[in-house]
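Reader: I'm new to this, and I'd like to know where the labels come from. Could you take me through them?

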Amino acid sequence: TLLPNCPPQLDSVVMKALARNREERYQSGEDLAFDLQQVADYLRKHMVTFYVEEGKRSIDEGNLTFAKESLQRVLEIDSNHNVAKSLLGKVQEQIYSRQRVQKVEQTLRHAKEALQAEQYDEAIHVLDEILRLDSSHEEAIQYKKLAVEQRNRIQKTHRHMETAEKLMADADLQGAKRQLEAVVALDPQHSAAQGMLDSVAREITDQERLRRVRQHTEAAKGHLAEKNFAKAIELLEAARELDPVNIDVESLLRLVRSGQEKEERRRLLEQRL
């Protein structure tokens, strides 16, 4: 009643051991042990068959943990049971394979999170773990390629930015401009590089404008020395157009016009004489 799975043989042994009539009971411990051994052999054979079938059914249902437990029970009863050994090996392989797939999926999620956070070294390290488990994992291969590309791009960007800052400190604006253009080519959304590039471009433009102003001014001085006032005025007007607030240009322009007026008065005086 209390043990539904109790075999009839064990029930018979118990009833004989507890018989009211002394003559009907076991007369020695050896007799009792013999019958118990028979029950144990029956149980062993019955339970081995039961657990093997249970293990096979669990494998078919995909319940690998339960299948493993059933087959291990078989081997506890009969350590040389070849069928159970073979099935247990397959189950353990499937469990390992399933665990490996789960670990790969979990690690891949970690890698994606690292990529989104721009933690490229961490992403590469995690993806290498996946590839050690499955060297042909296509998604891991693609994500590692992306992570390496992004990491290299960031490293190149940092190198170009550092070089650009040094060149700006050395007043090498053209060199700084080339470095900043390289940064923008690698990362068009790099706002700091774009801002620095705009600033450098304006400064280069200003320097070129001032260079042309100086060039016009020096040429105008040469024409003034030769009393070629018209050409000097033409050059100074061009310089003033480039730099309307340049005091030196205005001062030199007044000087040239004054010299032109003096020369005109002298020419008129010579004509009258």
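Author: Here are some questions and answers about the labels used for this structure. It is a predicted model, where local features need pLDDT of at least 70 and side-chain atom pairs count only at pLDDT 80 or more, while totals for chains, interfaces and linings use all residues. Residues are numbered from 1 along each chain as its sequence is written, and side-chain values use heavy atoms, with hydrogens and water left out.

Reader: Why is Glu162 called partly exposed?

Author: Buried means under 20% relative accessible area, exposed means over 50%, and partly exposed is in between (1.4 Å probe, protein chains only). Glu162 has 48%, so partly exposed is the label. Glu162 sits in helix α6, residues 138–169. Helices are DSSP runs (H or I, at least four residues), numbered from the N terminus.

Reader: What makes Ala171 count as exposed?

Author: Its relative accessibility is 58%, so Ala171 gets the exposed label. You'll find Ala171 in the loop between α6 and α7 (173–186). Ala171 also has a positive phi, near 65°, and isn't a glycine.

Reader: How do you know that the span of α9 is close to the expected one?

Author: The expected span is 1.5 Å times one less than the number of residues. Helix α9 (residues 229–242) has 14 residues, and its first and last C-alpha are 20 Å apart, close to the 20 Å expected. For α4, with 35 residues, the reach is 51 Å, close to the expected 51 Å.

Reader: What makes a group of residues a nonpolar core?

Author: The members are buried Ala, Val, Leu, Ile, Met, Phe, Trp, Tyr and Cys residues, joined through side-chain atoms within 4.5 Å. The largest one here has 14 residues, and Val52, Ile59, Leu71, Val74, Ala84, Leu87 and Val91 touch the most other members. The elements giving two or more residues to this core are α2 (29–61), α3 (64–77) and α4 (82–116). Apart from it lies another core of twelve residues, including Val213, Ala220, Phe229 and Ala239.

Reader: Which residues is Val91 in contact with, leaving aside its neighbours within four places in sequence?

Author: Contact means heavy atoms within 4.5 Å. On that basis, Val91 is in contact with Ile59, Leu64, Ala67, Lys68 and Leu71. Val91 is also one of the buried residues of α4, and what covers those residues includes α2, α3, α5 (120–133) and α6.
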